[in-house]
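Subject: Structure for you, with notes

Hello,

Here is the structure I promised to pass on. Please have it open while you read.

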Amino acid sequence: KSDGKIGVNQATPTAKLHVEDTNFYLGRFKRTNGTGSILLEGDGATEAFYLTLRTNNTTANSGCVIEGSDADGNGTTWIKLFTENHSTNAGAISLHTRPANGSTTERLRIHSNGAVSIANTRNYYGALNVEKIATQNSAIDIKASGSGSYATAISMGDHNTISGKIAVKNSSDIFFGTTSAHNLIFGTNSSTTGILIEAGSYEE
């Protein structure tokens, strides 16, 4: 075109290169005998360059995929960028892997509300939702060790007025409790009553 734009199967290109076709592959780049690379440059102070993948489908959870494949072209891993809700522009991202002789399966999802799901797609139980699968020994495995002192495995609380932790002393003890001057309650069904250990009390 006179404005320097190039259109392939497109008479009115809207970009420097505008390609439209019904084939699955719209372009292919291959370097033989070595590692290939595509360089995209920009000079923006905050975001130097945008690589935009756009879905024109307004169906909930439709999206775009960045895929890794093996030498035969079989997909092995995915990063999916999808729209949870088109009308609100809510977006999420998920990571997928493929087990031996299996199919590509979602392993981790970051929802639009910031919740993270591992081995499931729930986001209504909390900020982190983890589910154990049959081939794993546990849903979460945390290693912490401290020789002569407690090493914190999990820290919890607002870390301002109240805090607690699960800690491990190497080959000795596991500590579970508060690290601030507050009570510790073991209850059921979200009850605030149950076994109460008051701050400052200790019984062996």
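Below are the notes on the chain as a whole, then on its sheet.

This is a predicted model: local features need pLDDT of at least 70, side-chain atom pairs count only at pLDDT 80 or more, and totals for chains, interfaces and linings use all residues. Residues are numbered from 1 along each chain as its sequence is written, and side-chain values use heavy atoms, with hydrogens and water left out.

**The chain**

The protein chain has zero helices and 13 strands. Helices are DSSP runs of H or I with at least four residues; strands are runs of E with at least two, and numbering starts at the N terminus. Of its 204 residues, 13% are buried (under 20% relative accessible area, 1.4 Å probe, protein chains only). The accessible surface is about 16100 Å² (Shrake-Rupley method, 1.4 Å probe), and carbon and sulfur atoms hold 50% of that surface. Now the contacts (heavy atoms within 4.5 Å). Among those with a separation of 6 or more, 6% join residues 24 or more positions apart.

Six strands form an open sheet in the order 3-4-5-6-7-8, with mixed pairing. Strands pair if DSSP finds at least two bridges between them. Strand 3 (62–69) and strand 8 (128–130) are the edges, each pairing on one side only. On average, neighbouring strands of this sheet are turned by 20° against each other, direction ignored (axes are lines fitted to C-alpha atoms).

How many bridges join strand 3 to strand 4? Eight, and the two strands run antiparallel. Strand 4 covers residues 75–85. Ser62 stands opposite Thr83 in strand 4.

Best wishes

Conventions. Axes are lines fitted to C-alpha atoms, for helices over the stretch in contact, and angles run from 0 to 180 degrees between N-to-C directions. Buried means under 20% relative accessible area, exposed over 50%, partly exposed in between (1.4 Å probe, protein chains only).
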